Structure formats: C-alpha cells, structure tokens
Amino acid sequence: MEPITIGILGIFAVFLLLALGMPIAFSLMLAGFTGIAFLSGLDAALPVSARTVYDEAATYPYMVIPLFIVMGSFAGASGMTQDIYGCLDKWLRRLPGGLAVASISACAAFAAVSGSAVATTATLGNIALPEMKRYGYSDKLSTGAVAAGGTLGFLIPPSLGFVVYGMLTEQSIGKLLVAGIFPGLILAATFCLVVIVWVKLIPATAPQQTGTVSWKQRLTALRGVAEPLGLFLLVMLGIYGGLFTPTEAGAVGATLLLLSVIIKGKLTWTKLVSALQEALRTSVMVLFLVAGASIFTYFLALSTIPMQAANWVTGLDVPPSIILLAIILVYLFLGCFLDAISMMVLTLPVVYPVMTALHYDPIWFGVVAVLMMQAGLITPPLGLNIFTIAGVSKNIKVETIFRGVLPFLFAVFFVAGLLIIFPGIATYLPSKMSG
C-alpha cells in the first residue's frame with residue numbers, strides 16, 4: 001500500500017475514533033502510532049511515540065503553560081477583577097451601553113494577566129451580568145458582550161493559543177505573544193463599537209444610567225487598573241526587549257501576583273490548591289494534545305501528505321488569498337464542533353506547511369489562525385464561552401446567548417479582514433524584536 005494511501009486512512013481513522021468518543025489526544029496518538037508502525041515498523045513506532053511524549057513534557061517553553069494559568073488563578077483570587085470592572089464602569093458608564101462596554105474592556109484587561117478565555121468569561125460573568133441585570137440591560141446584549149469579551153483571553157497575550165501554536169510549528173512564542181497585542185486591542189475596541197451601535201439602534205436594550213461620577217472618584221478608581229496594567233507592561237516589555245523569555249515572564253508574573261494575594265491577605269489554602277490543580281489539569285491536557293499532534297505529524301510526514309498537499313495547493317491556478325479564505329472558512333466551520341486547541345492540533349500538521357509554501361508569514365498566520373479559532377468559542381452549537389455564560393446565568397436560555405453573540409462574530413470577521421489587508425498590524429512589533 002502506498003504511503004499516501006496509509007496517510008489518508010490514518011486521517012479517516014482519527015475522525016472515526018472521535019466519532020466513537022475517544023479523546024482527541026489519544027485518537028491522534030493511536031492513529032499516529034499505528035501509521036508509523038505500518039510505514040516504518042513497530043520497532044520505530046514504539047521509541048518515536050515514547051520519545052515524543054517525553055520531549056514535549058521536558059521542553060523548556062512548555063513550562064509557560066502552567067505559569068500563565070497560575071497567573072490567571074492568582075489574578076482572580078487577588079480581587080483584581082472587581083477593581084478593574086469598578087474602575088472602567090466609572091469611566092465608561094456615560095457611553096451608550098456603558099456597562100457592556102465596561103464589561104468588554106474589563107475582559108480585555110483581565111485577559112492581559114489571565115491567558116484563558118474560559119477563566120475570563122466566568123470571572124467577568126459573575127461580576128458584570130448581575131450588575132447589567134440590575135440596570136435593565138437586555139439578556140441578549142449583556143450575555144453576548146461578556147461571552148464575546150471573554151474570547152479576548154485567547155488572543156490578548158499571555159495567550160495559551162499562541163503558546164500551543166508556537167510549540168506545534170516551532171515558531172518563537174515570544175514573537176507570537178507580542179504579535180497578538182495590536183490585533184487584540186483592535187478587536188476589543190471593535191467589540192465596544194458593536195455595543196455602542198447596537199444601543200444607538202435599539203436604545204431599550206441598555207437604559208441610560210442615572211447619577212454622576214465625580215472626577216475625584218474616577219481618578220481614585222484608576223488604582224484598580226494600575227496593577228494589571230503594570231504587570232502586563234512588565235511581562236510584555238520584558239519579552240519584547242529580550243530581558244526574559246516567555247517562560248521567565250510567566251514565572252515573574254505568577255510570583256508578583258502571588259505576592260499581591262499575600263499582601264492583600266486573600267491567600268487561603270483552598271485558593272492555592274485550586275490554582276495549582278487548575279494549572280495541573282490544563283497543562284496535562286495540553287501536553288497530551290501537543291504530544292498526540294506531534295506523533296500524528298511524524299506519521300503524516302512519513303506518508304508525504306503535507307508535502308503533497310503543499311505542492312498541489314501551490315500548483316493551483318488561483319491566488320493565495322483564495323486558499324487563505326478557504327482555510328479561514330474551514331476554521332469557522334470546525335469552530336462549530338471543536339474547541340480552539342483541538343482545532344489547532346488537528347489542522348496545523350497539514351495547514352501550516354501549505355501556508356508556508358504559499359509564503360505567508362508564519363507569525364502573521366499564527367495570529368489569523370488564533371483569531372479564527374477564537375471565533376469558535378462563540379459559534380453554535382458548541383461554543384465553549386456560550387455554555388460558560390449559561391452556567392453563570394442559569395436563568396437565561398442558551399438560544400438567547402447565541403443570538404446575543406452574533407453581532408460580535410461580525411467584529412471578528414472585520415478584524416480578520418484588517419489583518420489580511422494590513423498584515424503589519426500583527427508583524428510590526430515582532431519584526432522589531434531581536435532573535
């Protein structure tokens with residue numbers, strides 16, 4: 001049997017195993033191991049699989065994942081989220097849909113120290129949704145704003161999406177994190193604009209808040225964003241300036257946030273154990289996903305499918321932009337059924353060689369890919385952020401939340417279009433970094 005035929009059967013085997021309910025990581029591992037055994041023999045498949053799992057766990061950049069997760073846990077435990085939301089509410093409440101705008105802005109600020117979309121959504125949902133309910137905001141607007149704003153945790157650094165992309169493609173994680181800064185801020189601003197336009201068109205969805213906030217109250221409230229802003233600047237400027245690696249940046253951030261929790265007297269044994277358990281669970285999940293993807297990528301390389309696919313695509317008589325558009329649409333479709341990390345490990349072994357063969361910048365494509373996978377967090381029927389919000393607000397129907405996020409999906413497409421037309425939005429800062 002030809003290697004490429006075995007490769008195609010291996011791909012079908014992965015989807016068959018997924019349909020039977022096997023976790024994605026083990027589906028990839030089993031299909032990859034079996035494929036390597038067919039192509040190179042069992043004596044090659046056993047050491048390749050064992051070495052791959054060990055190498056992924058032992059690689060230095062992998063340590064950034066638990067450190068970023070611990071950062072997010074300590075940030076939530078420190079009460080930082082309430083301070084951020086309180087500050088932004090005082091500054092933005094006079095805007096149309098001010099509370100929703102403040103919620104999205106708070107999501108962006110918390111994302112800058114969290115790195116997790118679900119953690120951002122759950123944390124802000126618990127704080128912002130009751131407040132918007134109290135002021136008479138429609139369920140559709142309030143839940144849609146928080147669900148969409150929470151996705152910023154997957155794009156604004158420190159982002160787990162960029163870490164996994166960098167590990168799978170062997171690109172600089174530091175450059176990827178820096179590349180996400182401008183797109184993340186632009187997307188956050190676009191989300192806020194969606195709220196303002198929405199409320200201007202349908203004022204009843206967000207009644208105007210009464211009462212005034214003095215300048216003294218506003219200036220005093222700025223202390224609420226000083227800590228997350230300072231931490232974000234320290235971490236990102238340290239990476240950008242080459243003062244420390246992303247892993248060292250995660251360690252610095254986690255240490256400073258731990259000190260903050262201790263100084264504020266909010267550290268408890270329960271919170272510490274919970275933070276470490278969450279870091280352990282997520283890190284092990286990502287480890288096996290990346291290891292499974294690596295084993296499967298090795299198998300695909302032996303089958304020559306990525307090379308054949310790249311040669312076939314580059315030989316097509318169509319502009320590269322059409323291929324890019326097709327891949328974006330595929331990601332949008334997959335986002336209806338898979339979580340973002342799973343999409344990444346399933347598609348990059350084939351898609352990444354195609355993109356590099358078409359001479360797209362790998363850092364730029366990483367931002368586009370993460371952005372479109374982020375959209376999967378709020379696409380029906382399995383948008384993870386949707387069900388996170390549904391869990392926080394049990395009295396609101398899931399259908400209402402899905403309708404509420406639809407306008408924000410158009411904002412994601414708008415920013416994707418900007419990145420395609422103006423790639424420098426993502427590549428300018430990384431191009432100025434050393435190394």
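In which helix is Thr34 found? In this predicted model, Thr34 belongs to helix H2, which covers residues 24-40. The legends below describe close-up views.

**Figure 1. Thr34 of helix H2 and its distance to Ala45.** Thr34 is a residue of helix H2. With a relative accessible area of 33%, Thr34 is partly exposed. Along the sequence, Thr34 and Ala45 are 11 residues apart, and the separation in space is 7.6 Å from C-alpha to C-alpha.

**Figure 2. Packing of helix H5 against helix H7.** Helix H5 comprises residues 80-92 and helix H7 residues 117-134. The two helices pack at an angle of about 40°, and their axes are 10 Å apart. This angle makes H5 oblique to H7. The crossing in which H5 passes H7 is right-handed. On the H5 side, Thr81, Gln82 and Tyr85 make the contact; on the H7 side, Thr123, Leu124, Ile127, Ala128 and Glu131 take part. Sorted by class, the contact of H5 with H7 contains four nonpolar, three polar and one charged residues.

**Figure 3. The salt bridge between Arg134 and Glu131 in helix H7.** The side chains of Arg134 and Glu131 form a salt bridge, with an N to O distance of 2.7 Å. Because the two residues are three positions apart in helix H7, about one helical turn separates Arg134 from Glu131. Arg134 counts as exposed, since its relative accessibility is 58%.

**Figure 4. The salt bridge between Asp139 and Lys133.** Asp139 pairs with Lys133 in a salt bridge whose closest N and O atoms are 3.4 Å apart. Asp139 is partly exposed, with a relative accessible area of 26%. Lys133 is likewise partly exposed, at 47%.

Figure 5. A relative accessible area of 4% places Ser142 in the buried class. When residues up to four places away in sequence are not counted, Ser142 touches Leu129, Met132 and Tyr137.

**Figure 6. Packing of helix H13 against helix H14.** The axes of H13 and H14 come within 9 Å and cross at roughly 160°. At this angle H13 and H14 are therefore roughly antiparallel to each other. Their crossing is right-handed. From H13, the contact involves Glu227, Leu231, Leu234, Val235 and Ile239. From H14, the contact involves Pro246, Ala249, Val252, Gly253, Leu256, Leu257 and Ser260. By class, nine nonpolar, two polar and one charged residues make up the contact of H13 with H14.

**Figure 7. The salt bridge between Glu227 and Lys264.** The closest N and O atoms of Glu227 and Lys264 are 2.9 Å apart, and the two residues form a salt bridge. This pair links distant parts of the chain, the two residues being 37 residues apart. Glu227 is located in helix H13 (residues 223-240), whereas Lys264 is located in the loop between helix H14 (246-263) and helix H15 (269-303). Both partners fall in the partly exposed class: Glu227 has a relative accessible area of 26%, and Lys264 one of 34%. Glu227 is also among the H13 residues in contact with H14. The count of salt bridges in the model comes to three.

**Figure 8. The cis peptide bond between Pro157 and Pro158.** Pro157 and Pro158 are joined by a cis peptide bond, for which omega is about 5°. Pro158 is placed in the loop between H8 and helix H9 (160-169).

**Figure 9. Thr304 in the loop between H15 and H16.** Thr304 has a phi near 70°, a positive value in a residue other than glycine. Thr304 is situated in the loop between H15 and helix H16 (305-314). Its relative accessible area of 24% makes Thr304 partly exposed.

**Figure 10. His359 in the loop between H18 and H19.** The phi of His359 is near 70°, a positive value in a residue other than glycine. His359 occupies the loop between helix H18 (340-357) and helix H19 (362-375). With a relative accessible area of 72%, His359 is exposed.

Key
Residues numbered from 1 in each chain as written. Predicted model: local features only at pLDDT ≥ 70, side-chain atom pairs only at ≥ 80, totals over all residues. Heavy atoms only, no water. Axes fitted to C-alpha atoms, helices over the stretch in contact; angles between N-to-C directions. Helix = DSSP H or I, 4+ residues; strand = E, 2+ residues; numbered from the N terminus. Parallel < 35°, antiparallel > 145°, perpendicular 65-115°, else oblique. Left-handed = near helix turned anticlockwise from the far one by under 90°. Contact = heavy atoms within 4.5 Å. Nonpolar A, V, L, I, M, F, W, Y, C, P; charged D, E, K, R; others polar. Salt bridge = Lys/Arg side-chain N within 4 Å of Asp/Glu carboxyl O. Buried < 20%, exposed > 50% of the residue type's maximum accessible area, 1.4 Å probe, protein only.
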